[in-house]
Amino acid sequence: MCYVDLTGFLHRLAYMPGPHGLDPRQVTSKVTGEPTWGVVGTFNQLNTLAKQRPGRVIAFADSSQDGFRAELLPGYKRKSVSPYLRQQLERLAQCLPHLGIAVIGAHNEFPGMEAEDLIARAVKSAREPMVIVSYDKDLLQLVKDTVSHYNPQKKHLVTPSSISGYLQQGFLPTKADLTGPDMAVFLACTGDDSDGIRPIGGVGPVTLGQYYERLPKGLSNPAKIDTLRAIDLEARKGSSKVADWGQAQINLQATDLDTGHQHDINLGTIPEPRPNKEAFRRVLEGLTMQSFLKQYDRWFAPFETLNQPSLSMA
């Protein structure tokens, strides 16, 4: 089972340099005139994924509406989806089911929710092993038990057994054992420029890592923030420079993917579309995507194993 951050895919791939250095926004269908560069990149990434023979692939997309994070944090990134991206997301939502891939969230079924929220809810209710496929570091916090994270750019798989070392090496230098949810605490304290989450000041990764070594085991994320605050105040006795731990708790409500906001999402029954080779061929022909059509049988073949009853859903 693979959960794909479709919005993250599109945002990354739609702005990659076009063929021969062409502005990607100028790569359009000769028939419809719609932009296609992000669609092309997403098709190729999903083809690479399908070659790994997952039993099922589900793609999740952001709502186009601002949500609870924008209410919590005035500086949080706003949903100003450009027509360039919106058109391509709509096209992907229309045609990915022909590849056997269900698309959830692309039609604003969950107002204000992001793909990461929907993935977090899906992970909560799933019973089989799964891999989250995303460029987004935020989703590392979901790695635990039978959930792993794969970054297509880095070609790196983070598993429950490797998550502690991965976070220690890449984000939070500490001797303390770390788990996936610690990524939410890290972002709440040190900030995340890409999302407009400001740091709390006075506590960078090195200091936070030292504080982590004094944390008791088994604390919830909000309790970790409270305990880190107490450790910080003790370490700074007599100092006028104090981190904004109140802001850390507010930030955590935005960074943590295990809150009531995610728990209250009702995904309902997720469709299990079967691959439809001829329907997808018609999509490619309508978009004049000759590069795919030249070796279409070979290109489509990896998708034909998706959602087949005889395959394990592992």
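This is a predicted model: local features need pLDDT of at least 70, side-chain atom pairs count only at pLDDT 80 or more; totals for chains, interfaces and linings use all residues.

Residues are numbered from 1 along each chain as its sequence is written, and side-chain values use heavy atoms, with hydrogens and water left out.

**Entry: around Tyr-135**

I counted rings of Phe, Tyr and Trp (its six-membered ring) as a pair if their centres lie within 6.5 Å; planes under 30 degrees apart are stacked, over 60 edge-to-face, and the rest tilted. The structure holds 14 aromatic pairs.

For the elements I took DSSP runs numbered from the N terminus, helices being H or I of at least four residues and strands E of at least two. Tyr-3 belongs to strand β1 (residues 2-5) and Phe-60 to strand β2 (residues 57-60), so this pair ties together parts that are 57 residues apart in sequence. Both Tyr-3 and Phe-60 are buried.

Then I came back to Tyr-135, whose ring centre is 5.5 Å from that of Phe-9, with the planes at 55°, so the pair is tilted. Phe-9 sits in helix α1 (residues 6-13) and Tyr-135 in the loop between β4 (130-133) and β5 (147-151), so parts 126 residues apart in sequence are tied together. Phe-9 has 1% relative accessibility and therefore counts as buried.

**Entry: the cores**

I used "nonpolar core" for a set of buried Ala, Val, Leu, Ile, Met, Phe, Trp, Tyr and Cys residues joined through side-chain atoms within 4.5 Å. Which residues have the most contacts inside the largest core? They are Phe-43, Leu-96, Ile-101, Phe-280 and Trp-299, in a core of 43 residues. Helix α2 (residues 37-50) gives the largest share, seven residues. I also found a second, separate core of 30 residues, with Leu-178, Ala-188, Ile-225 and Leu-252 among them.

I followed up Phe-280, taking contact as heavy atoms within 4.5 Å. Leaving aside neighbours within four places in sequence, Phe-280 touches Phe-43, Cys-95, His-98, Leu-99, Tyr-296, Trp-299 and Phe-300. Ring pairs also link Phe-280 into a cluster with Phe-43, Phe-292, Tyr-296, Trp-299, Phe-300 and Phe-303.

I turned to α9 (residues 221-235), whose 15 residues reach 21 Å from first C-alpha to last, close to the 21 Å expected at 1.5 Å a residue. The expected span is 1.5 Å times one less than the number of residues. Asn-221, Lys-224, Ile-225, Leu-228, Ile-231 and Asp-232 are buried in α9. Down the helix axis these fall within an arc of 125°, so they line one face of α9; the arc is that of the directions from the axis to the C-beta atoms. Their cover includes α7 (182-190), α8 (205-212) and α10 (245-255).

For α8 I listed Leu-208, Gly-209, Tyr-211 and Tyr-212 as buried. Their arc is 160°, so they too line one face of the helix. The cover over them includes α7 and α9.

**Entry: two positive phi values**

Arg-53 is not a glycine, yet has a positive phi of about 60°. I placed Arg-53 in the loop between α2 and β2, and it counts as exposed because its relative accessibility is 53%.

Lys-155 also has a positive phi, near 55°. This residue lies in the loop between β5 and β6 (156-158), and at 63% relative accessibility Lys-155 counts as exposed.

Technical notes. Buried means under 20% relative accessible area, exposed over 50%, partly exposed in between (1.4 Å probe, protein chains only).
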